[in-house]
Structures are given as C-alpha cells and as structure tokens.
Amino acid sequence: MIDQIIEFAGNHLLLVGAFAVLLVAIIVLENKKAGKGIGVQEATRLINRQGAVVVDLRSKQEFGAGHVLDAVNVPFSNLSSRLSELDKSKDKPVILVCKMGQHSRAGYKILADAGFADVRRLAGGMAEWNAASLPLVKG
C-alpha cells in the first residue's frame, strides 16, 4: 500500500503539491480564525503582570470542580448573551479557557467580533493547566 502511495505521488507531483499547499493554507487560515493560543507560562505572566481576565467557558459543574483563581465563569453556550458582563474587560487581555481548547477557539471569534482588543486562548485548556500542576480554586 505504501508503495502505491509513493508511486502515485511520484507520478502526480503537481497534484500532490497542490494538495499540500491547500492543506497548509487551510491550517493557517483556521489557526488565524481561532486567535492566538498561549501556553500556561504565558497565561500566568499575563495574569500576574497585566491583570488579564480569565474567562472560563466550561459548565458551572466543571468550573466548580476546579478553576483558575479569579476566573469568570461564562459557559460557552451562554457567551453571546452574557457579553455585557465582560464589557469592563474590553481593554484588558482576556484569556479564554475551556476543557481541552476547542470552545475557546469559537469563543475567540465571538469576543473579537464584540470589540475585545486582546483575546487569547489557553492552548490545551484546563487539561494543560492541570498537566502543569498549577493551582486551582475549587467551589
């Protein structure tokens, strides 16, 4: 099977090259739509030095099980209808956090369209935060 793929690629270099270019273009475009993903070190730096606001997009139950200190819980399903609660944070860095990083991608677009100047998303979500053994607040 691998031999057939290699033979096909060798016989159709232009087609394979066009596919590779399109694939890279799609990946780059999707990443731009999702906003800047940051790691846990950058997130803690923004929180401690620039007063970044952490918006936790998980459900109330997941939020209660453990969240970043001073995080604001706005479940993703309610984000559009609760934007007014975040208006005072429009000029501050905002870090979107969810379970694995998927909802924060969509949340980025909602906040960016609403005029938030500096929105970032925690790459890997709370799973990454937990993997780094960073502190959580429960309750």
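Modeller: The following dialogue takes up the sheet, a helix, the salt bridges and some single residues in turn.

Modeller: This is a predicted model, in which local features need pLDDT of at least 70 and side-chain atom pairs count only at pLDDT 80 or more, while totals for chains, interfaces and linings use all residues. Residues are numbered from 1 along each chain as its sequence is written, and side-chain values use heavy atoms, with hydrogens and water left out.

Colleague: In what order do the five strands lie in the open sheet?

Modeller: Helices (H or I, at least four residues) and strands (E, at least two) are DSSP runs, numbered from the N terminus. Two strands pair if DSSP finds at least two bridges between them. Here the order is E1-E5-E4-E2-E3, with parallel pairing. E1 and E3 are the edge strands, each pairing on one side only.

Colleague: How many bridges join E1 to E5, and how many does E4 share with E5?

Modeller: Three bridges join E1 to E5, and Ile38 stands opposite Leu122 in E5. E4 and E5 pair over four bridges, again in the parallel sense. Pro93 is found opposite Asp118 in E5.

Colleague: What can be said about the burial of E5?

Modeller: Buried means under 20% relative accessible area, exposed means over 50%, and partly exposed lies in between (1.4 Å probe, protein chains only). E5 is mostly covered, since four of its five residues are buried.

Colleague: Let us turn to a helix. Which residues of H3 are buried?

Modeller: In H3, which spans residues 40-50, Val40, Ala43 and Leu46 are buried. They lie on the same side of H3 because they cover an arc of only 125 degrees around the axis; the arc is that of the directions from the helix axis to the C-beta atoms. The face turned away from this buried side carries the exposed residues Gln41, Asn48 and Arg49.

Colleague: Against which elements do the buried residues of H3 pack?

Modeller: Contact means heavy atoms within 4.5 Å. The buried residues of H3 pack against E1 (36-38), E4, E5 (118-122) and helix H6 (125-131). H3 lies across E1, E2, E4 and E5, and runs at about 140 degrees to E4. For such angles, axes are lines fitted to C-alpha atoms, for helices over the stretch in contact, and the values run from 0 to 180 degrees between N-to-C directions.

Colleague: How many salt bridges does the count come to?

Modeller: A salt bridge is a side-chain nitrogen of Lys or Arg within 4 Å of a carboxyl oxygen of Asp or Glu. By this rule there are seven salt bridges. One of them joins the side chains of Arg120 and Glu42 (3.5 Å, N to O). This pair links distant parts of the chain, with Arg120 in strand E5 and Glu42 in helix H3, 78 residues apart.

Colleague: Is Arg120 buried or exposed?

Modeller: Arg120 counts as buried because its relative accessibility is 13%, whereas Glu42 is partly exposed at 26%. Arg120 also meets Asp118 in a salt bridge (2.8 Å, N to O). Glu42, Arg45, Asp118 and Arg120 are linked in a network of salt bridges.

Colleague: With which residue does Glu62 form a salt bridge?

Modeller: Glu62 is joined to Lys99, and their closest N and O atoms are 3.8 Å apart. Glu62 is in helix H4 and Lys99 in the loop between E4 and helix H5 (102-113), 37 residues apart.

Colleague: Where is Ser89 found, and with which residues is it in contact?

Modeller: Ser89 is in the loop between E3 (72-73) and E4 (93-97). It is buried because its relative accessible area is 6%. Leaving aside neighbours within four places in sequence, Ser89 is in contact with Val53, Val94 and Phe116.

Colleague: What phi does Asp70 have?

Modeller: Asp70 has a positive phi of about 65 degrees, although it is not a glycine. Asp70 is in the loop between H4 (60-65) and E3, and is exposed at 66% relative accessibility. Ser133, in the segment after H6, has a positive phi of about 55 degrees and is likewise not a glycine.
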